[in-house]
Every structure is written in C-alpha cells, then in structure tokens.
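Hi everyone, thanks for coming.

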Amino acid sequence: MRDNRIVTVRVAVLTAVLIMVSGCFLNWGKRLEFNGGEIYYTPEVTEEEATRLGEYMIDSGFFDGNEKTVQITKNGTTYEFRMVIKEGLDQDEEYLWIAGIYSLELSENVFEGNRTDIHLCDEHL
C-alpha cells in the first residue's frame, strides 16, 4: 500500500511539473515561422506587427535559415524583443553593442519609431 502512495505522489508531482512547463510555453504567445526562425508574439502585439518583424529579420539576415527563436511583446508603447542566445553572450561587450544597435533598427524599421528594448534570454525566453 505504501508503494501505491509513492507512485500516486510521483504522478501528481510529475503532472504538476508538466502543467507548469506547458504554461510557460503558452505564455510565449502565438508562433510564426520565417526562414528557419520562429517568432512568438503575445496578445499585446498584432499578427501584422509580428509578420513585419519576421520579414525585416529575413531582409536583415537575422533569420538566415538557421534555427533561431525570438518573442515580441509590448509594455505600454515599448516593444520588448526577446531572443534566445548562447550562454555567455550576455557578457560579450561587442555582442551587447550590436544588440543595442539592432534595437534602434527595429524601432525605426519595424515599430514606427516606438522604443524597442532587447532582452537576451536563455532557451526559456
């Protein structure tokens, strides 16, 4: 009988973990694919805005056929562009400088001059 309780507890814990993990993925938003890359966009961003972003990312060479994941959301009038990066790149000053320039480009070329912040993320965004 004790073994049955252990199995029941393990199943309950595993179920709770799976629900939490799937909830994290649901928070990423809807998904669009562009040339090997994927964009998740939240309800604060329109599909048109996400599509404009995807097309720009192809044109700029960011989506180059290799697998890449980004998310776009909006906080007030500020767009928040999240991208998955390799561990340690958030400590690379040249990479950070390039990310800053890219945020200005996104602001001007995709989001009609609205402020765009870049968030460098792990695989969980």
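Let's start with Asp-64: a polar atom of its side chain lies 3.1 Å from the backbone nitrogen of Asn-66. We speak of a polar contact when a pair of N or O atoms is within 3.5 Å; within protein, one must be able to donate a hydrogen and the other to accept it, and residues adjacent in sequence count only if both atoms are side-chain atoms.

Before I go on, a word on the source: this is a predicted model, where local features need pLDDT of at least 70 and side-chain atom pairs count only at pLDDT 80 or more, while totals for chains, interfaces and linings use all residues. Residues are numbered from 1 along each chain as its sequence is written, and side-chain values use heavy atoms, with hydrogens and water left out.

Back to Asp-64, which lies in the loop between α2 and β3 (68-75). Helices (H or I, at least four residues) and strands (E, at least two) are DSSP runs, numbered from the N terminus.

Phe-34 brings us to the rings. Ring pairs link Phe-34 with Tyr-56, Phe-62, Phe-63, Phe-81 and Tyr-102 into a cluster. Rings of Phe, Tyr and Trp (its six-membered ring) pair if their centres lie within 6.5 Å; planes under 30 degrees apart count as stacked, over 60 as edge-to-face and the rest as tilted. By this rule, the count comes to eight aromatic pairs. Take Tyr-56 and Tyr-102: their ring centres are 6.3 Å apart and their planes stand at 40°, so this pair is tilted. Tyr-56 belongs to helix α2 (residues 47-59) and Tyr-102 to helix α3 (residues 93-109), so the pair ties together parts that are 46 residues apart in sequence. Tyr-56 is buried at 17% relative accessible area, and Tyr-102 is buried at 12%.

Now for a stacked pair: Tyr-79 and Phe-111 are 4.0 Å centre to centre, with 15° between the planes. Tyr-79 is buried, at 3%, and Phe-111 is buried too, at 1%.

Last stop, Glu-80 in strand β4. Its side chain makes a polar contact with the side chain of Arg-82, at 2.9 Å. Glu-80 counts as buried, with 13% relative accessibility.

Key
Buried < 20%, exposed > 50% of the residue type's maximum accessible area, 1.4 Å probe, protein only.
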